[in-house]
Every structure is written in C-alpha cells, then in structure tokens.
Amino acid sequence: MHQNWFSGQGSRTENFASLVERHVLSSSAAAGGLRSAAECVQIAIGHCSLLEDQGLALSSLLTKLVRPSVEQALEANLKRIEESVTVLSAADDWMMTSVLAAQPRTQGRSSAPTGYNIHLRLSSSAHRFNSMVQDFLEDVSPLISMQLAGHALDGLAQIFDTYIQLLMKALPALSEDEEEEMQAANINKVQHAESIKQQLVILGNAAALADELLPRAAAKLIPAPAMKDEFRASSRRLMERQTVSQPARLPELRDWRRRLQRGVERLRDHFCLYHVFDVVYNGDETEDIRLSADAYLSLDLEVDDYMWLQEPMPTRTFQAFYFKLSNFSQVATELLAGRERMVSLLLMRLCETFVNCIRTADDFWDVLEEGGERALGPIALKQFLLDLQFVMQVAAHGRYAARTMRQVVNELSQRAINAFFATGQDPESILPDENWFVETGKDGLRRLLNGWTRGSNMNGEPGSPTHSISAQSVSSVLVWEGGRGLRRHSYLLDFSIIHFFIMGHWEVHQRCMFETPPSK
C-alpha cells in the first residue's frame with residue numbers, strides 16, 4: 001500500500017513538472033527569461049525539500065524533469081547577452097564614462113548591480129556587458145543545486161572571448177593583409193580606435209572585466225553559509241550536498257578566471273606588437289628611426305673612438321621607443337587613474353615586446369653577423385650594448401623591468417659580442433667595464449628627460465644614428481595617423497615567433513612584475 005502511494009507521488013510529480021514546463025518554463029526559455037524560470041524551479045524544489053525529513057525525496061526527480069527547460073532558458077539568455085554585446089560594441093565610441101547609463105531591467109533592482117564599483121571608468125559597451133553579466137549571474141544563482149554553475153561560467157567565458165575579438169578589431173591591424181581580411185568579412189563592424197586614448201580605453205575595458213568585475217560577479221555562485229535560503233535549512237541532507245559541491249567549484253572558478261586573463265593577454269599582445277613594429281619597422285617617412293644594421297656598421301666609418309666618447313647617446317630607434325613609452329605612460333596614468341597594476345603590466349609588456357622584436361629581427365642580425373668588409377666594428381659594438389643598457393634603464397626607471405627582459409637583453413649583448421669576436425678581434429680589449437654602460441645609459445635617460453635635442457660633435461649631428469629626435473620627427477611614432485595597419489614589411493613574418501616567445505614566458509613575468517630598480 002505504501003509502495004503504491006509512493007509510486008503515485010512520483011506520477012504526480014511528473015504531472016506537476018509537465019504543467020510547470022508547459023505554462024512557465026517553455027515560454028520563459030523561448031524568451032530568454034531566466035529569472036522567472038529560476039524562481040519557479042527554486043520554489044518548487046524548496047517545497048520538495050521540506051518533505052525530505054518525512055522520508056519523501058522528490059527533489060532529484062523534479063530536478064531531472066525540469067532541467068532540459070532550464071538549460072534552454074540558460075542558453076537563450078546567454079545568446080541574448082552575446083547578441084547585445086555585439087550591437088553595443090558596434091556603437092561604442094571608446095570614450096570612458098563613470099556611471100552606468102542604463103537603468104536596471106527590473107524595478108526591484110538597484111541602479112547598479114551589487115558590488116559594482118560605480119567610480120570605475122569604462123566605455124559604454126563594457127558597462128552594459130558587465131551589467132548584463134551581473135544580472136545573469138544573480139538570476140542563475142538559485143539554480144546552483146541543479147549543477148548549472150559550470151555551464152553558466154563556460155557560456156560567459158565564450159561571450160567574453162567574443163567581446164575580446166570585437167575589441168581587437170577596433171585596434172589597428174598589424175598588416176595590410178589583416179586589415180583587408182577584416183574589411184572583406186563585413187560582419188561585426190566596430191568603430192576604429194583612432195587615438196591612443198581610445199586604444200587604452202579598450203585595454204582598460206578588458207582588464208577591468210577580467211580582473212575585477214566578472215570574477216566578483218561569479219563569486220555569487222558560491223554562496224556563504226549564512227545566505228542559504230530557508231528551504232535548505234530544513235533539510236540536512238540537501239545542505240550537506242551543497243556544502244560538498246562548493247569547494248569543488250573553487251578550482252573551476254580559478255580556471256575560469258585564467259581563461260579570461262588569456263583573452264586580455266591576446267588583446268594586450270596585439271596592442272604592443274603594433275606599436276613596437278611601428279618603431280622598429282616603421283614607414284619610409286621616418287626611415288632613419290627604423291632598426292637598421294647599417295646605422296651601427298657606419299659608425300666606425302664616420303667617427304673615431306674619441307669623438308664617439310664625447311657624448312654617447314642611444315640610437316634613434318631606442319630614443320623613439322623611449323618617447324613612445326613615455327607618452328603611453330603619461331596618457332595611461334591619467335586616463336586609467338587607480339589602475340596602476342594594469343598600466344604597469346602594459347608598459348612591462350611593451351618593453352618585453354621591444355627587446356624580443358630585436359631578438360627575432362633576422363634581417364638585422366644577418367647583416368650584423370655577416371662579417372667581411374662590413375664587419376661589426378668596435379664603436380658599433382659599444383653603441384649597440386649602450387642601446388640595450390639604455391632600454392633597461394628606461395624600464396628600471398619606470399619600475400616595469402622583469403627578469404625575463406634582462407635575460408633577453410643579456411642574450412642580445414652576448415650575440416653581438418660573439419659577432420665581434422668572429423671577426424678575429426678581442427671584445428675585452430675595446431669594451432669598457434659593465435658599470436660604464438650602466439652609468440652612460442642612465443646619463444642618456446637623464447638627458448632625454450631634460451630635453452636633450454642635439455649633440456656637440458659629429459656623433460650628434462643630423463644624419464648620425466644617435467642624433468636627437470624632436471617631438472615633431474617622432475609624431476608618426478607616437479600617434480597613429482589614421483591609416484589602418486602598418487605598411488607591409490617582410491619583418492611582419494616575425495610576428496608569430498615574437499608572440500610565441502612572449503606567451504611562453506609571461507607567467508614568469510607576472511610573478512616578478514615589480515622588482516626593485518638598480519640602486520643608484
């Protein structure tokens with residue numbers, strides 16, 4: 001008799017689930033109304049849990065019956081967010097605002113989601129993206145008992161990847177071919193970030209979402225014990241089941257956050273590669289700034305050692321990089337006030353990308369190591385080593401020098417010394433001690449900081465590799481002049497090599513990002 005009664009309860013539960021699906025869940029799922037579906041399921045399962053102390057366990061059966069409809073509502077909601085993000089990105093002018101423009105979608109919600117930093121400056125698409133994610137996770141949090149947290153996080157990570165791709169399309173293309181492909185696609189159009197400020201806003205959007213806003217919202221999926229609803233409190237077994245699942249979700253959240261960080265790194269790499277290529281492989285109108293082996297090899301033909309030592313300064317390529325880095329630092333510090341870590345990571349990556357770009361410049365090294373009549377001379381070797389020490393002092397001055405950058409600089413220095421040694425000359429006989437290069441690099445940085453504009457001898461006269469760069473002459477380096485992408489050079493083939501090297505070592509950089517600069 002009791003067995004028949006229990007069987008009857010199971011049938012009634014199935015009938016009840018069918019009615020709920022037909023009149024509530026199906027319509028909610030089709031419209032993407034996750035909140036109403038979640039509240040309905042939460043109430044139903046809550047009432048079922050009250051019966052568990054009486055020996056009637058219906059929660060598992062009900063969950064199994066309604067789960068397909070809830071998953072459909074979840075997918076529809078994620079799809080709606082992704083479509084909205086695409087539309088919002090297309091309309092974004094990449095200008096920062098402090099306050100969320102849009103009001104909450106329901107009257108019962110405050111003007112900003114719980115835990116939202118109203119003073120955080122983002123562009124319009126990032127503000128709305130964050131708002132939609134906050135609302136979505138608030139809706140899905142009652143469904144934790146249905147083990148849908150992982151599904152929800154995975155869907156949000158995919159949407160964030162889509163947003164990263166849209167942001168990347170707004171940045172300058174790395175080559176003409178890449179720009180032509182973007183134009184030919186004719187889908188997901190976004191406004192181009194023409195100015196440095198706009199490009200930094202794009203990077204700020206991605207970093208704020210991945211570092212702070214989205215992880216904080218995702219933490220709602222691991223509720224504190226005090227926030228367990230009253231229905232769970234009535235059932236010890238259900239509460240234990242939830243408590244056991246919470247620690248299991250902690251690694252999942254960490255993996256999810258790392259996935260978001262990888263998207264930010266892709267965007268940051270794109271930005272850094274473009275601007276480093278703009279210095280090292282720039283256009284014909286600033287050809288004297290471009291990294292060139294001839295600029296070094298000609299030194300031993302134009303000046304003697306005495307004249308060069310009168311006023312040794314970094315070559316124009318390294319001066320141009322310094323000016324670009326200083327410009328970025330000034331603009332980013334003002335634009336992204338309170339986001340010092342994000343700015344430091346960006347400038348550190350720029351320095352790292354610059355030295356790695358030199359490391360993989362095969363055309364440069366082929367000429368430098370060729371030997372013969374145009375072999376690397378003593379002055380050329382000292383100039384190159386001074387340039388490397390100068391960029392290290394620039395990074396140390398801004399406190400964004402990393403160990404891996406030092407390793408690459410040491411590798412470049414040793415490679416140049418080996419090329420000089422291959423000519424049959426002894427490097428030790430012509431090189432000053434290491435401290436000379438350090439102090440001379442610091443002196444060169446001080447001169448540029450104080451507005452050094454011209455030399456007092458042939459080494460600093462116009463036309464020489466170390467002649468000073470005025471603000472006007474590097475305007476094409478500091479400001480993107482409206483053209484989409486760089487002029488095509490064979491050097492762009494080095495992109496994949498540089499990107500692979502950077503991604504392979506960046507995790508080490510993050511562990512040691514703030515190192516004490518060398519003592520003066």
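Which residues does His275 touch, not counting residues up to four places away in sequence? The legends below begin with an overview and then turn to this residue.

**Figure 1. Overview of the predicted model.** This is a predicted model, in which local features need pLDDT of at least 70 and side-chain atom pairs count only at pLDDT 80 or more, while totals for chains, interfaces and linings use all residues. Residues are numbered from 1 along each chain as its sequence is written, and side-chain values use heavy atoms, with hydrogens and water left out. The protein has 20 helices and 0 strands (DSSP runs numbered from the N terminus: helices are H or I of at least four residues, strands E of at least two). Of its 520 residues, 52% are buried (under 20% relative accessible area; exposed is over 50% and partly exposed is in between, with a 1.4 Å probe and protein chains only).

Figure 2. His275 touches Ile196, Gln199, Lys324 and Phe328, leaving aside residues up to four places away in sequence (contact means heavy atoms within 4.5 Å). Its relative accessibility is 1%, so His275 counts as buried.

**Figure 3. Helix α16 (residues 378–397) against helix α17 (residues 403–421).** The two axes come within 10 Å and cross at roughly 175 degrees (axes are lines fitted to C-alpha atoms, for helices over the stretch in contact, with angles from 0 to 180 degrees between N-to-C directions). Helix α16 is therefore roughly antiparallel to α17 (angles over 145 degrees). Residues of α16 including Leu381, Phe384 and Leu388 take part in the contact with α17, whose contributors include Val409, Leu412 and Phe420. By class, this contact holds 14 nonpolar, 1 polar and 1 charged residues (Ala, Val, Leu, Ile, Met, Phe, Trp, Tyr, Cys and Pro count as nonpolar, Asp, Glu, Lys and Arg as charged, and the others, Gly among them, as polar).

**Figure 4. Helix α18 (residues 434–449) and its cover.** The 16 residues of α18 should span 22 Å at 1.5 Å a residue, and the end C-alpha atoms are 23 Å apart, which agrees (the expected span is 1.5 Å times one less than the number of residues). Buried residues of α18 include Phe437, Val438, Leu445 and Leu448. Among the elements covering the buried residues are α13 (316–335) and α16. Gly451, with a positive phi near 85 degrees, follows α18.

**Figure 5. Gln310 in helix α12 (residues 305–310).** A polar atom of the Gln310 side chain lies 3.2 Å from the backbone oxygen of Tyr306. Gln310 counts as partly exposed because its relative accessibility is 41%.

Terms used. Angles under 35 degrees count as roughly parallel, over 145 as roughly antiparallel, 65 to 115 as roughly perpendicular and the rest as oblique. A polar contact is a pair of N or O atoms within 3.5 Å; within protein, one must be able to donate a hydrogen and the other to accept it, and residues adjacent in sequence count only if both atoms are side-chain atoms.
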